[in-house]
Amino acid sequence: MKLEDYINQVDIEEIYKTVLDLEGPKYPLDNWEALEKAADYIKEKLESYGVETEFQEFYLDGFKKPFKNVIGYIGDRSKPAVLLGSHYDTVRHSPGANDNLSAVAVSLETARILSKLDNPPSVIIAVFTLEEGHPTIRKYLEDYLQKNGWLDHQNRLLSHEYFKINKKVSKLLSEEWKKSKDSIVTRLNVIRSENKDTFTNKELAFTDALIDVYTKHFAKSKIGSKLSTFVVGSSLYLQKAQKENIQIEYVINYDCLGWISNQENSQKSLPITEDMKPLLQFHKTELGSTVGNFIGIMGEKNSKPQLDKFMKYCEDPDSDIPYFGLYIPYEFDVIYNNLIDTLRSDHAPFWEEGIPGIFISDTANFRSPYYHTGADTSNRINYEVLKKITTVTLKTILQ
């Protein structure tokens with residue numbers, strides 16, 4: 001068959017079924033069985049396509065059972081591979097249909113089509129866990145606050161006073177983050193020092209509790225990069241790849257793909273600075289658009305060929321996906337200190353190591369009020385766009 005014949009086999013029903021089957025909260029502290037069941041489902045589905053698949057299991061302090069990345073290998077494993085990244089865990093209480101089952105569905109459908117080729121290219125389908133944060137730190141923090149009477153066993157703050165204190169300290173942490181990307185322990189100590197004469201005793205006690213937990217458990221939980229408190233699964237897979245000399249040519253990582261709307265005021269303002277404007281490229285949208293009908297496609301200094309290629313295929317008549325493209329020609333530390341929003345997913349550890357990669361997203365919290373809520377459900381996704389993104393991915397890999 002010709003390449004077009006394979007691409008024409010992309011099946012929107014397969015994409016829809018994956019989202020529907022996996023929909024539901026998969027938060028490690030609350031939904032362990034659902035997390036396990038999802039990993040099994042993804043592995044079994046890849047294996048049903050004939051894809052060589054494995055679990056990468058790893059243990060974290062405070063948990064007796066392992067967490068699992070699901071890794072599928074297509075083509076010649078001795079050659080540098082394109083890695084397709086997504087994550088299957090969710091935040092607390094969220095069904096995670098768009099964040100990030102939309103991406104898992106695109107990855108699996110891409111794998112299904114690639115598996116039909118007689119001589120497929122080298123591709124790694126990497127479906128990561130724990131993108132949403134490091135559960136050890138959260139577990140110890142919640143245990144500590146429960147023990148000291150701040151939280152109940154549903155992790156709700158036990159008084160309005162505690163609610164206000166938590167909100168106040170969280171706001172200060174956010175403000176300190178904008179000033180400095182130091183560790184959370186350093187930032188908390190700065191907050192305590194600067195406010196020791198104005199904080200109430202309970203505000204000081206709460207801040208001390210946070211410092212105590214992060215000081216005791218951050219080091220033993222740390223993965224070894226600036227990204228150590230989130231993107232856990234992808235960081236650990238990268239360590240495995242480096243140890244086993246698994247060669248990665250470049251990465252395509254997806255996170256939140258399906259919140260697409262043609263309505264006015266469906267898109268919030270993006271954090272675009274003046275110096276970023278010359279690095280932007282648009283197709284059927286524009287800077288400052290309040291219509292959320294586009295996807296974002298971002299690449300760093302090593303990734304311009306892949307960025308240009310993906311954008312080009314988005315403009316094909318059979319795809320025609322509105323997008324904004326952002327080329328970021330900077331070293332990782334510059335991106336980390338100035339453009340942290342571009343690092344909020346599983347491509348970040350690869351960028352940190354200088355591995356080319358592009359990040360594709362509908363802009364998540366800048367697009368939808370359903371982000372990280374119980375309303376992130378399968379009925380709110382545009383599946384036609386997911387099909388088009390799958391088509392563009394296949395063209396990018398195969399042509």
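Mentor: Let's begin with the largest cavity, whose lining consists of W32, L35, E36, P66, F67, K68 and Y88. Please keep in mind throughout that this is a predicted model.

Trainee: Which elements supply at least two residues each of that lining, and which gives the most?

Mentor: Helix α3 (32-48) and strand β2 (67-74) each supply at least two residues of the lining of the largest cavity, and α3 gives the most, with 3 residues.

Trainee: OK, pockets next. What is the volume of the second largest pocket, and which residues lie nearest its centre?

Mentor: The second largest pocket has a volume of about 190 Å³, and of the 15 residues that line it, L270, E286, L287, G288 and S289 lie nearest its centre. The lining of this pocket divides into 7 nonpolar, 6 polar and 2 charged residues.

Trainee: Switching to helices, how do α4 and α13 cross?

Mentor: The axes of α4 (residues 97-114) and α13 (residues 383-398) come within 9 Å and cross at roughly 50°, which makes α4 oblique to α13. The crossing of α4 and α13 is right-handed.

Trainee: And which residues meet there?

Mentor: From α4, the residues S102, V106, E109, T110, I113 and L114 meet L386, I389, T390, T393, L394, I397 and L398 of α13. The residues of this contact between α4 and α13 divide into 8 nonpolar, 4 polar and 1 charged.

Trainee: What about α2 against α4?

Mentor: The axes of α2 (residues 12-22) and α4 come within 8 Å and cross at roughly 135°, and α2 and α4 are therefore oblique to each other. The crossing of α2 and α4 is right-handed. The contact is made by E14, I15, T18, V19 and L22 of α2, together with A97, L101, S102, V104, A105, L108, E109 and R112 of α4, and these residues divide into 8 nonpolar, 2 polar and 3 charged.

Trainee: Where does α10 come in, relative to α13?

Mentor: The axes of α10 (304-314) and α13 come within 9 Å and cross at roughly 130°, so α10 and α13 are oblique to each other. Here α10 passes α13 in a right-handed crossing, with K309, F310, Y313 and C314 in α10 meeting I389, V392, T393, K395 and T396 in α13. The residues of the contact of α10 with α13 divide into 5 nonpolar, 2 polar and 2 charged.

Trainee: Last topic, the backbone. Which peptide bond is cis?

Mentor: The peptide bond from D99 to N100 is cis, with omega near 20°, and N100 has its place in helix α4. As background, most peptide bonds are trans, and most residues other than glycine have a negative phi.

Trainee: Then what is phi for D320, and where is that residue found?

Mentor: D320 has phi near 50°, a positive value in a residue other than glycine, and D320 is found in the loop between α10 and β8 (323-328).

Conventions:
Residues are numbered from 1 along each chain as its sequence is written. This is a predicted model: local features need pLDDT of at least 70, side-chain atom pairs count only at pLDDT 80 or more; totals for chains, interfaces and linings use all residues. Side-chain values use heavy atoms; hydrogens and water are left out. On a 1 Å grid over the protein atoms alone, a cavity is a set of points where a 1.4 Å probe fits but cannot get out, and a pocket is an open set with protein on both sides within 12 Å along at least five of seven lines; lining residues have an atom within 4 Å of a point. Grid points are joined across faces, edges and corners, and a volume is the space filled by probe spheres set on the points. Ala, Val, Leu, Ile, Met, Phe, Trp, Tyr, Cys and Pro count as nonpolar, Asp, Glu, Lys and Arg as charged, and the others, Gly among them, as polar. Axes are lines fitted to C-alpha atoms, for helices over the stretch in contact, and angles run from 0 to 180 degrees between N-to-C directions. Helices (H or I, at least four residues) and strands (E, at least two) are DSSP runs, numbered from the N terminus. Angles under 35 degrees count as roughly parallel, over 145 as roughly antiparallel, 65 to 115 as roughly perpendicular and the rest as oblique. A crossing is left-handed if the near helix is turned anticlockwise from the far one by less than a right angle, and right-handed if clockwise. Contact means heavy atoms within 4.5 Å.
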